[in-house]
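This briefing summarises the strand arrangement, a helix packing contact and the ligand surroundings of one structure. Please view the sequence and the model alongside the points below.

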Amino acid sequence: MAAVSNAGGLGILGGTIYTPDVLREQIQKIRENTDKPFGVNFLARSPFIDQVLEVIKEEKVKMVTYGVGNPEKIIRACKPHGIKCIPVIPQVRLAVQAEKDGADAIIISGMEAGGHVGKLTSMILIPQTVDRVKVPVVAAGGIADGRGMAAAFLLGAEGIQMGTRFICVEECPVPLSTKQFILKAQAEDTIVTGNITGMPVRCLRNRMSETFAKMEMEKKDPLEMAMFGSGKMYKAFVEGDPEEGSVMAGQIVGLLEDIPTCQELIERTMREAEEVLAKTTLRFKHQ
Ligand SMILES: Cc1cc2nc3c(=O)[nH]c(=O)nc-3n(C[C@H](O)[C@H](O)[C@H](O)COP(=O)(O)O)c2cc1C
């Protein structure tokens, strides 16, 4: 995470999985490894939300991103301390509401993304959100190189968020077996499960996700399904079992071919975006 910030990106700590005490330790660890800005992400409806917000204030985190849940509490807790509040949102009308609630920017997240997804694509979400809100829009979902970055900018976004791409970087502690499984996957190899739970998740097709999808089709008992799903991300991303674990990844997965360092990835992405934007401008000039 610190490596992303050191390389010129804005590293975001995925704080949802931590108890407040561990979150504090993780933030302090990042500080030992970078003096650059970084953010913390969490679930707005976390059962620990009050303690999480306390940790964020006490540790003087500069910005937070958050999904799912009532944003009022977060904005009320963070804004007086100058902490930028940036919700992750899958719908235009929710983006409009978030701006009214006081969000400093919006991360608009297309359904191509890995992890929790909505129903709309980045291609249609970005321009419609940009037209409806005044705060900066950050595009997430389906971006893994400079072409994607340039496209998002052409649609009006002012920043991008990449998730799937950053699993396959050298500094990411995910085991090589899972990284290699991701590198082998193609655009068609993802599946969305969890529709019936109201929290759909995009992950790669494997034994685990196919079994889960079958259980959904057979309308198995939700408790049985929750038990089956429990600990499966840990299995993939910590234990390195990409067949029995939940390998959350987006449809852009087919574009990934290597495991660069964060520095290489960010520099390459910026260079590609500049080149593709310059070429596009030239093409229009010559018409
Ligand atoms: C393995 C994985 C874990 C993720 N965990 C979170 C999370 O905890 N909180 C969150 O807001 N988004 C999470 N996301 C979504 C990313 O932050 C990002 O918005 C998304 O991956 C962008 O789309 P992309 O996968 O096409 O790059 C996760 C994505 C992946 C692939």
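In what order do the seven strands of the open sheet lie, and is the pairing parallel or antiparallel? In this predicted model, the order is S1-S2-S3-S4-S5-S7-S8, and the pairing is parallel.

**Sheet**
- The edges of the sheet are formed by strand S1 (11-14) and strand S8 (159-161), each of which pairs on one side only.
- On average, neighbouring strands of this sheet are turned by 25° against each other, direction ignored.
- Strand S5 (residues 106-109) and strand S7 (residues 137-140) run parallel and are joined by four bridges.
- Within this pairing, Ile-106 has Val-137 in S7 as its bridge partner.

**Helices H5 and H6**
- Helix H6 (residues 122-132) lies across S5 and S7 and runs at about 175° to S7.
- Helix H5 (residues 92-101) also meets H6: their axes come within 9 Å and cross at roughly 35°.
- This crossing of H5 and H6 is right-handed.
- From H5, Val-92, Ala-95 and Val-96 meet Leu-125, Gln-128, Thr-129 and Arg-132 of H6.
- By class, the residues of the contact of H5 with H6 comprise four nonpolar, two polar and one charged.

**Ligand shell**
- The ligand is surrounded by 24 residues, of which Ala-113, Gly-114, Gly-115, Gly-163 and Gly-250 are the closest.
- Helix H8 (residues 164-167) gives the most to this shell, with three residues.
- The shell around the ligand contains nine nonpolar, 13 polar and two charged residues.

Conventions:
Residues are numbered from 1 along each chain as its sequence is written. This is a predicted model: local features need pLDDT of at least 70, side-chain atom pairs count only at pLDDT 80 or more; totals for chains, interfaces and linings use all residues. A residue is near a molecule or strand if its C-beta atom, placed from the backbone, lies within 6 Å of it. Helices (H or I, at least four residues) and strands (E, at least two) are DSSP runs, numbered from the N terminus. Ala, Val, Leu, Ile, Met, Phe, Trp, Tyr, Cys and Pro count as nonpolar, Asp, Glu, Lys and Arg as charged, and the others, Gly among them, as polar. Two strands pair if DSSP finds at least two bridges between them. Axes are lines fitted to C-alpha atoms, for helices over the stretch in contact, and angles run from 0 to 180 degrees between N-to-C directions. Two residues are in contact if their C-beta atoms, placed from the backbone, lie within 7 Å. A crossing is left-handed if the near helix is turned anticlockwise from the far one by less than a right angle, and right-handed if clockwise.
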